Amino acid sequence: MHAALTGASGHIGASLGRMILGQGRDLRVLARNDRRAIEGLDVETITGDVLDPDSLIRLCDGADTVFHLAARISLAGSDGGMVEKVNIEGTRNVIEACLKCGVTRLVHFSSIHAYRSIGPEEVIDETTELALGRDEFPYDRSKAISQKDVLEAVDRGLDAVVLNPTAVLGPHDFKPSRMGETLMNIYRNRYPALVDGGYDWVDARDVAACALAAEKKGRAGEAYLVSGHWRHVCDVSKVVSNLYGRKTPTFATPMWLCVFPAHLVLAVSKITDNDFNFTPYALKTVRSHRLISHEKASRELGYAPRPIEETIRDTIDWFISSGILDAS
């Protein structure tokens, strides 16, 4: 069975591509300049991106399943409109290419941030309202709109399912990702203090395995939350310390002390055109989306996230073995 993949150079894409090849399947990937994640893999590479419809036709032609992961992530804002262009317009281009090429199934990767933030004691599931309002953060709204577009395309004959992962860790993080950088900086003890908050952490390999299950068993027109385990960042730091016998950050800075510096960083990011990790939006993310149910994915797709301790160990071991992280 022939599979096609956008976002193959990203974290989840790197794991998913390897799993697809492990099934003995042919794999065609869409790639731009950064090809570290696919170097040495037996894949057919199409040069292009999701804003180039012709390259998407070449990617989707003859494909049975298309896995769409390519996205633009920003903690600072719209990135000059690129967040909306890549996440909304790019996804619409993928939809049209799949319809034109008669793709059997589209597995679209959205995000937990496609759903509105709700009270800390309320459980987020697939019935939670999408973040479609004009006052939503650009990344959140772009993922909500693109998710809505994919599900509405089912009425046009597209067989599509949506996955909503949470904060991703795990091996094969070649770039590395923001979460991977955070974990390495904890290992290096580079933070004087941590922020008082946490994430629902999920392993990239578990997300990839869920995608393959969704390809076979997911119901067309349905979304599936792919969450893992919520842990405070200090708890993650303690796991790293216990696993490797290292000194890691232990103090959590109260949120009220972080607000002004975060706004200052945001101003600098807009002036310098850099996307920093410490922004008001980043502070919001560590205080929201805490109770996330993956019951639907477990029931219908057999999804079961592994222990967070295993993910942390495997992630850091991979960074060390790849030469990205100095173990000393």
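Me: Which residue stands opposite V107 in β5?

Reply: In this predicted model, F67 stands opposite V107.

Me: What makes β4 and β5 a pair?

Reply: Two strands pair if there are at least two bridges between them. β4 and β5 have four bridges, in the parallel sense, so the pair meets the cut-off of at least two.

Me: How does the chain get from β5 to β6?

Reply: The chain passes through helix α4 (residues 138-153), and this β-α-β crossover is right-handed.

Me: Why is that crossover called right-handed?

Reply: With the strands pointing away from the viewer, a right-handed path from the first strand over the helix to the second runs clockwise. The crossover from β5 through α4 to β6 is right-handed, so its path runs clockwise in that view.

Me: What makes β5 mostly covered?

Reply: Five of its five residues are buried, which means under 20% relative accessible area. R105, V107 and F109 point one way, L106 and H108 the other way, and all are buried.

Me: Why is one side of β3 and of β10 left without a neighbour in the sheet?

Reply: The sheet is open, in the order β3-β2-β1-β4-β5-β6-β10. β3 (44-47) and β10 (223-226) stand at the edges with a single partner strand each, so one side of each has no neighbour in the sheet.

Definitions and conventions:
Residues numbered from 1 in each chain as written. Predicted model: local features only at pLDDT ≥ 70, side-chain atom pairs only at ≥ 80, totals over all residues. Heavy atoms only, no water. Helix = DSSP H or I, 4+ residues; strand = E, 2+ residues; numbered from the N terminus. Buried < 20%, exposed > 50% of the residue type's maximum accessible area, 1.4 Å probe, protein only.
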